[in-house]
Amino acid sequence: MSLFITFEGPDGSGKSTQARLLVESLHAQGLPALLTREPGGTEIGEQIRNVILSTRNRAMQDQAEVLLFSAARAQIVAALIRPALAAGKIVICDRFYDSTLAYQGYGLGLDLDALRAITRFATGGLVPDLTFYVDVPVEIGLARRQRGETNRLDQKEVAYHTRVRNGYLELARAEPQRFIVIDGTRAIDQVQQEIRARLLPELHARR
Ligand code: TMP
């Protein structure tokens, strides 16, 4: 049984914690699950991540940013995700191409059709089976983020993050079979319980 699950959400949504907890629970059930993240997940991808997020690279152009995210994505899909799925694993990826549509499409205002074409080239058409979108209002997400380290992308204005969140909600509405929207404002364990409960029927359906 292979299954490709992605986690999406605005900055500070808690999705990375949720993805980690879910993988731990799948491992505890003896299921072959693999956790990875974007941008990153491979040695080349992590190097690209550093270039994208470094506060030294304030001069980065929007198109360059898209292509760097997409380069990291091409690498992780071919080198890690597809082989793991072919080996029957459950792959859980912290962010995937919906992040590009939400952040660079809705956030920066780049053409969504162009982004979809670039994405298809990078992924070879790989689409997640299931996407957990962990939703939090922008103020909550940014307040959580301010307590942690900051990177180049954290320095964008509130209006940008609002467009990103609204973009995500639109993506989720457009593909209700793939997206599961989770209220991320609640306590960590409550959110995790809901995610596990929502995943269960999907796991059974594939057995
Ligand atoms: P992270 O905080 O989940 O590790 O993600 C790093 C940042 O990169 C986050 O602000 C979202 C952003 N991002 C994009 O803007 N476009 C993308 O395609 C991806 C994967 C991430």
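Predicted model: local features only at pLDDT ≥ 70, side-chain atom pairs only at ≥ 80, totals over all residues.

Visitor: Which residues line the largest cavity?

Guide: P10, D11, V138, G141, L142 and H161. Helix 6, residues 138–146, provides the largest share of that lining, with three residues. Sorted by class, the lining has three nonpolar, two polar and one charged residues.

Visitor: Let's switch to pockets. What volume does the largest pocket have?

Guide: About 910 Å³. Its lining has 34 residues, and K15, S16, R49, R145 and N151 are the ones nearest the centre.

Visitor: Which helices supply at least two residues of that lining?

Guide: Helix 1 (15–28), helix 2 (43–53), helix 3, helix 4 and helix 6. Helix 4 gives the most, with four residues. By class, the lining of the largest pocket has eight nonpolar, 13 polar and 13 charged residues.

Visitor: And where does the ligand sit?

Guide: In the largest pocket. The ligand has 14 residues around it, with R49, R95, T100, Q104 and R145 the closest.

Visitor: How do those shell residues divide into nonpolar, polar and charged?

Guide: Four are nonpolar, three polar and seven charged.

Visitor: Which element gives the most to the shell around the ligand?

Guide: Helix 4, with four residues.

Visitor: Let's get down to atoms. What is the distance between the side chain of Q104 and a nitrogen atom of the ligand?

Guide: It's 2.8 Å, counted to an N or O atom in the Q104 side chain. The elements that give two or more residues to the shell are helix 3 (62–86) and helix 4 (97–107).

Visitor: What about the oxygen atoms of the ligand, say with D11?

Guide: An N or O atom in the D11 side chain is 2.9 Å from a ligand oxygen. D11 is also one of the residues lining the largest cavity. For K15, a polar side-chain atom lies 2.9 Å from an oxygen atom of the ligand.

Visitor: How much of the accessible area of the ligand does the protein cover?

Guide: The protein covers 96% of the 480 Å² that the ligand has on its own.

Visitor: New topic: the backbone. Which residues does a cis peptide bond join?

Guide: E38 and P39, with omega at about -10°. P39 is in the loop that runs between strand 2 (33–37) and helix 2.

Visitor: And what's the phi of R95?

Guide: It's positive, about 80°, although R95 is not a glycine. Most residues other than glycine have a negative phi, and most peptide bonds are trans.

Visitor: Where is R95 found?

Guide: In the loop between strand 3 (90–94) and helix 4. R95 is also among the residues closest to the ligand.

Visitor: Great, that covers my list. Thanks!

Conventions
Residues numbered from 1 in each chain as written. Heavy atoms only, no water. Near = heavy atom within 4 Å. Polar contact = N/O pair within 3.5 Å; in protein donor to acceptor, adjacent residues only side chain to side chain. Areas by Shrake-Rupley, 256 points an atom, 1.4 Å probe, with all protein chains shown as cover. 1 Å grid on protein atoms, 1.4 Å probe; cavity = no way out; pocket = protein on both sides within 12 Å on 5 of 7 lines; lining within 4 Å. Sits in = over half its atoms within 2 Å of the grid points. Nonpolar A, V, L, I, M, F, W, Y, C, P; charged D, E, K, R; others polar. Points joined across faces, edges and corners; volume = space filled by probe spheres on them.
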